[in-house]
Amino acid sequence: RQSSPACAAASVAGAWNALAAGGRHGRGAVFQDDVVAHLKQILEEQIAAKRARFERLLGHPIADFEAALDERIAADPAGRSLGGKSKAEPGLKRGELLRMVVEVAQ
C-alpha cells in the first residue's frame, strides 16, 4: 500500500530500479520511502533558503511573524488550514492567506 504522496515516489523508485538497479531486488535499488525522504530534504532546503531570503530582505528574523501568522490561520472562523485536509475540506485560498499576512504584518 502506498501512503500519500507516495504515488510519485513509487513511480520514481520504480523507474530508477528498472533502469539502473536491475529491478526492485537489485543492488542499489531504491524504495518509495527513500524517494519521499529525499523529496522532504529538498523541500526543507528550499524552505530554509526562502526563509533566509525573506529575513535578509526584511532585515529582521521572522520567527515572531510566523508564530503570529500560524495563530491567525488557526483562528480562521471556517476552520480552514494552510494546506487543507482533503478535497472536501480545502485549505485557505491564496488571496485569503495574503489578506491574513497583511493583517498580521500591520
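Leaving aside neighbours within four places in sequence, N17 is in contact with G22, G23, R24, A29 and V30. This is a reading of a predicted model. N17 lies in helix α1. Its relative accessibility is 5%, and because buried means under 20%, N17 counts as buried.

Helix α1 covers residues 6-21, and its buried residues are A6, A9, A13, N17 and A21. Around the helix axis these residues take up an arc of only 65°, which places them on the same side of α1. The spacing of such a set follows from helix geometry: with 3.6 residues a turn, residues three or four places apart in an α-helix point the same way. The other side of α1 carries exposed residues, namely C7, S11, A18 and L19. What lies over the buried side? Helix α2, residues 32-58, is included in what covers the buried residues of α1.

The chain just past the end of α1 also deserves a look. G22, which comes just after the helix, adopts a positive phi of about 75°. G22 is also one of the residues in contact with N17.

The model contains four helices and zero strands, and along the sequence the pattern reads α-α-α-α. The radius of gyration is 19 Å, whereas the globule rule gives 13 Å for 106 residues; the value is well over the rule, so the protein is more spread out than a compact globule. Along the principal axes, the C-alpha trace spans about 60 × 35 × 20 Å.

Burial and contacts can be stated for the whole protein as well. Of the 106 residues, 15% count as buried; the buried residues of α1, with N17 among them, were listed above. Taking contacts between residues at least 6 apart in sequence, 31% join residues at least 24 apart. The accessible surface comes to about 8,500 Å², and carbon and sulfur atoms account for 58% of that area.

The last point is confidence. The mean pLDDT of the protein is 88, with 95% of residues at 70 or more. Confidence is lowest in α1, where the mean is 86, and highest in α2, where the mean is 93.

Note on methods:
Residues numbered from 1 in each chain as written. Predicted model: local features only at pLDDT ≥ 70, side-chain atom pairs only at ≥ 80, totals over all residues. Heavy atoms only, no water. Buried < 20%, exposed > 50% of the residue type's maximum accessible area, 1.4 Å probe, protein only. Helix = DSSP H or I, 4+ residues; strand = E, 2+ residues; numbered from the N terminus. Arc of directions from axis to C-beta. Contact = heavy atoms within 4.5 Å. pLDDT = per-residue confidence, 0-100. Rg over C-alpha atoms; globule rule 2.2 N^0.38 Å. Areas by Shrake-Rupley, 256 points an atom, 1.4 Å probe, with all protein chains shown as cover.
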